[in-house]
Amino acid sequence: MANRQTHRAKPPRRWVYRAVTMAARPALKLFLGLEIDNSATQGMEGPAVVVSNHQGMLDFILVAAAFPQWEINFVASMQYFERPWLRWLLDWMGAIPKRQFYPDLGAVKSIISRIRQGGVVGVFPAGQTSMCGVPGPVGDGIGRLCRKLKAPVVCVHLDGAFFSMSRLCGFRVCRGLCQVTTSLLLTPEQLAQMTDEEAAQVIRQAIDYDEYAWAEQARPHYKGKRAAGYENLCWRCPKCGAEFAFRSRGSRLVCENCGNEALVGPTMLLRPARPDCQVFSTLRDWYAWQRRLLEQADGPDFAMSEPVELRLGARRGRGAMTLTRREIRYDGSLDGLPFSFSIENRLLPGLLASSRGYFEIYNASCGAMRFYPADGRRVAKWKQCQEYLYQTSEDRAEAD
């Protein structure tokens, strides 16, 4: 699908936006235990830029619910516009499509257009939802954008959204506690006195979070299949070292190779199911341990490769995906003809990874290429490894 760059952004359709947010507020309070503190921003008028930490799949509606006085144009990943059942709603809600991990000038022009019209634009500077309950890197581009827009910057801080519905679990919801707090972060006058880097640092600090540290203080009590999707992140067993061996069963995460088992409790902390089990107490620590394994394996001869299916719109192909210290590369076929693609890791800030078992790379000449390993649990390792190689590359391009 071609890149949908919408330079003439339109306001959300008020009746649709109001209907969705008005219906969402009581539902979120009932099913998520939603608590909103928006006392610092009540009565504010546009234009404004709303920045928020990005924890889970419900973040857009959580942020919208905190501002009953506004209809916000949210910047959303292009992948959601490619789902027919979501596209019409996003268009009516005034969402601005943007390609992840790709410099999308069309999205920037749409943002500028709405601010000049007096509108309010919602941005998630991390660019992707959390993998493990802590944020990914945020580049200086958000500071540059906010200084260019010359509009007030309003901050939304979410807590509990990762545990309520993370990217790992698809659309399964855990009922417990979700807190939303709003504040005026920066005025146009303050932005004018800052450099891009200084503005970005203020925003980074304001949207920083650690879900597990929050849970230790708030002591939430979550109900549901609390371990759902955890096998999509925990690709290495701490006990036997097997890869892609975990399966989730309700609130349990079990290694099918050695029987190592973790139980996810009501506060979302993990504990060993038996004395002989070896697990980490948080996904944050598990993910950090896996990164250390990648660091130990790193070197000039580093390489990993496996067969994948390529989907490019309606076109199909099969081949091998290879990741080296220098690049990520596909060699195989597309519609029965030879086809190859590669990009240097220093130019690719990350892989768009889906719980549906694929990762995506966008290229202006080809479009959105989706690569499906035979086992969808392998996607997390590919994502974590490629992003590690980007972050440790010299002369890397800034994450946008």
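Select Gln-128 to begin: this residue lies in the loop between strand E5 (120-123) and helix H6 (141-149). The model on screen is predicted. At 13% relative accessibility, Gln-128 counts as buried, because the cut-off for that class is under 20%. Now display the side chains of Gln-128 and Lys-383, which are joined by a polar contact of 2.7 Å.

Select Gly-141, Ile-142, Gly-143, Leu-145, Cys-146 and Leu-149, the buried residues of H6. Colour their packing partners next: these residues pack against E2, E5 and E6 among the strands, and against helix H5 (105-116), helix H8 (188-192) and helix H9 (196-207). After H6 comes Lys-150, where the backbone phi is positive, near 55°.

Seven of them form an open sheet with mixed pairing, in the order E1-E7-E6-E2-E5-E3-E4. Its edges are strand E1 (34-37) and strand E4 (96-98), each of which pairs on one side only. On average, neighbouring strands of the sheet are turned by 25° against each other, direction ignored.

Within the sheet, zoom to strand E2 (residues 48-52) and strand E6 (residues 153-159), which pair in the parallel sense over four bridges.

Helix H1 lies across E1, strand E3 (72-77) and strand E7 (178-186), and runs at about 120° to E1.

Cysteines make the next selection. The disulfide count, taken with a cut-off of 2.5 Å between cysteine sulfur atoms, comes to zero.

Finally, colour the chain by pLDDT. The mean over the protein chain is 92, and 97% of the residues reach 70 or more. Then select residues 1-7, over which pLDDT stays under 50. The model has 24 contacts beyond four places in sequence for this segment. Where pLDDT is low, the predicted coordinates should not be read in detail.

How values were computed. Residues numbered from 1 in each chain as written. Predicted model: local features only at pLDDT ≥ 70, side-chain atom pairs only at ≥ 80, totals over all residues. Heavy atoms only, no water. Helix = DSSP H or I, 4+ residues; strand = E, 2+ residues; numbered from the N terminus. Buried < 20%, exposed > 50% of the residue type's maximum accessible area, 1.4 Å probe, protein only. Polar contact = N/O pair within 3.5 Å; in protein donor to acceptor, adjacent residues only side chain to side chain. pLDDT = per-residue confidence, 0-100. Contact = heavy atoms within 4.5 Å. Pairing = 2+ DSSP bridges. Axes fitted to C-alpha atoms, helices over the stretch in contact; angles between N-to-C directions.
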